[in-house]
There are 2 protein chains.
Amino acid sequence: MDSIQARAAPPAAAPLVERRLLHEEVIDRLRDMIVQGELAPGSKLNERVLCERLGISRTPLREAIKYLASEGLVELLPNRGAMVAPLESETVQEIFAVLGSLEALAGELVCRNASDADIAEIRALHYQMVAHHARGELAQYFRYNQQIHIRLVECAGNATLAQIYRGLNAHVRRARYMANLSHERWDKAVKEHEEILDALSARDSKRLQSLLRDHLANKLVLVMEALNANEPRTKTG
Amino acid sequence: MDSIQARAAPPAAAPLVERRLLHEEVIDRLRDMIVQGELAPGSKLNERVLCERLGISRTPLREAIKYLASEGLVELLPNRGAMVAPLESETVQEIFAVLGSLEALAGELVCRNASDADIAEIRALHYQMVAHHARGELAQYFRYNQQIHIRLVECAGNATLAQIYRGLNAHVRRARYMANLSHERWDKAVKEHEEILDALSARDSKRLQSLLRDHLANKLVLVMEALNANEPRTKTG
DNA sequence: CAATAATTTTTTGTATGCAAAATTCAGAAA
DNA sequence: TTTCTGAATTTTGCATACAAAAAATTATTG
């Protein structure tokens with residue numbers, strides 16, 4: 001029983017870091033399970049099963065589910081519980097349209113507001129990513145790739161923007177679009193990142209916006225391919 | 001005891017409209033109370049008090065609070081419950097920056113995707129609004145004003161965009177920025193709406209975007225004034 | 001055998017109970 | 001008075017209990 005548990009240990013001392021609340025722990029844990037694909041899009045969330053898996057009671061689980069429903073990762077089915085939000089190609093296209101707007105805004109703001117240290121940090125992430133690309137380590141590459149985009153938006157200095165961006169990004173990430181990435185396209189994506197980093201370093205807002213837009217368009221193609229590969233069935237199925 | 005109650009009436013027949021779930025009812029009810037200012041920004045949400053007021057138990061209330069926390073209208077305080085999200089001028093400015101991007105996108109999409117019926121509906125709302133302006137009915141004017149903006153974004157045909165827009169809009173609306181609207185500014189706002197309607201009718205995307213941006217900028221000024229009027233105290237207080 | 005009806009089982013929605021944490025408040029010390 | 005201190009009270013977080021709804025299973029009929 002090495003699962004999450006409430007009030008297990010006696011108070012050793014004043015906890016330096018606030019003890020995390022169970023339902024918050026569960027929010028993060030569930031979100032991870034959904035984004036990582038452990039809980040597949042469209043699959044039903046059985047409370048009993050999840051409670052056993054997480055070692056908690058239904059109350060914090062249900063609270064976490066409500067939170068994620070508002071985030072859009074979960075859909076509530078009245079009297080029938082909840083399911084992982086399906087990954088419809090239509091919704092994905094909608095999300096990309098919004099992401100485009102948000103990245104454009106982020107591109108403008110980050111050039112104006114990011115500190116040199118911020119940009120240095122993004123550069124460091126970039127070189128990590130390039131190294132993983134050179135070694136053909138796709139999963140690690142993907143991880144740093146994500147981090148770069150997230151960090152770029154965060155460094156724009158608009159927390160509201162960053163939060164919305166992260167939420168939409170999580171939704172799309174479930175498509176596992178990196179799985180079938182050709183060498184050619186991979187190389188191209190890295191090249192695009194080089195240019196993005198250049199524009200950011202020069203704080204060339206217009207160029208950065210344009211590069212981000214093109215990069216996102218290419219990513220959309222990837223995502224749609226992944227989607228069509230996994231669920232080519234129409235609604236008649 | 002005419003409050004919301006669970007499973008009160010015996011099944012008269014198959015309910016034509018799905019019986020709403022208690023926690024969903026509470027989500028809407030709480031959101032209204034927050035946006036209407038019945039629950040002030042920064043005020044603590046006492047579960048006992050709210051349960052009594054709504055005539056429900058703590059479980060659905062807490063679930064609703066979690067939902068609204070993800071929406072951003074409520075902030076969770078570990079081991080101390082929750083409070084209505086404060087209305088910081090910094091956050092408001094962030095939100096307006098994002099709203100600007102979203103309205104720009106909406107302006108583009110609505111010109112491309114809205115049906116003539118959609119535009120006719122917005123025009124009808126516009127004339128209702130104008131009538132209330134002529135009669136000096138501020139509250140009603142405000143209501144239609146809101147509806148026009150919401151409907152415009154909805155008619156862009158991107159549900160994700162519309163949902164995010166509504167959420168951010170709700171947050172800002174709490175500022176009650178219409179309260180101290182001068183006659184001069186009111187007239188100007190209506191003029192701006194006339195132009196917006198014109199551009200929409202002509203499906204002139206660029207002009208519409210430009211008009212929406214200016215209109216939003218003016219609104220930001222109003223909101224900031226309302227904010228400074230109500231909480232001019234600095235963080236030292 | 002298929003199709004429907006009746007029954008059992010499971011699952012969900014809500015209320016309630018209990019313990020930990022936070023808050024309040026009375027009284028003592030400075 | 002103001003400022004601690006510590007018990008009483010309130011409030012929160014989580015678990016559990018119970019009833020309604022849905023799903024699965026069995027029984028029944030054509």
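This is a predicted model: local features need pLDDT of at least 70, side-chain atom pairs count only at pLDDT 80 or more; totals for chains, interfaces and linings use all residues.

Biologist: How much area do chain A and chain B bury between them?

Modeller: They bury about 2700 Å², 59% of it on carbon and sulfur atoms. Buried area is the accessible area (1.4 Å probe) that two parts lose on being put together, summed over both. The contact (heavy atoms within 4.5 Å) draws 30 residues from chain A and 29 residues from chain B.

Biologist: And how many salt bridges cross the interface?

Modeller: The rule finds 4 salt bridges between chain A and chain B, each requiring a side-chain nitrogen of Lys or Arg within 4 Å of a carboxyl oxygen of Asp or Glu. B:Arg62 forms a salt bridge with A:Glu63, with the closest N and O atoms 2.9 Å apart.

Biologist: At what angle do the axes of H4(A) and H7(B) cross?

Modeller: Helix H4 (residues 89-113) of chain A and helix H7 (residues 159-173) of chain B have axes that come within 7 Å and cross at roughly 55°. Axes are lines fitted to C-alpha atoms, for helices over the stretch in contact, and angles run from 0 to 180 degrees between N-to-C directions. H4(A) and H7(B) are therefore oblique to each other; angles under 35 degrees count as roughly parallel, over 145 as roughly antiparallel, 65 to 115 as roughly perpendicular and the rest as oblique. Helices (H or I, at least four residues) and strands (E, at least two) are DSSP runs, numbered from the N terminus.

Biologist: Which residues of H4(A) make that contact?

Modeller: A:Thr91, A:Glu94, A:Ile95 and A:Val98 do, against B:Ala159, B:Thr160, B:Leu161 and B:Ile164 of H7(B).

Biologist: Changing topic, what is the strand order in the chain B sheet?

Modeller: The open sheet of 3 strands in chain B has the order E1-E3-E2, with antiparallel pairing; strands pair if DSSP finds at least two bridges between them. E2(B) is joined by 3 bridges to strand E3 (residues 82-84) of chain B, where B:Val84 is the bridge partner of B:Val74.

Conventions. Residues are numbered from 1 along each chain as its sequence is written. Chains are lettered from A and ligands numbered from 1 in the order in which they are written. Side-chain values use heavy atoms; hydrogens and water are left out.
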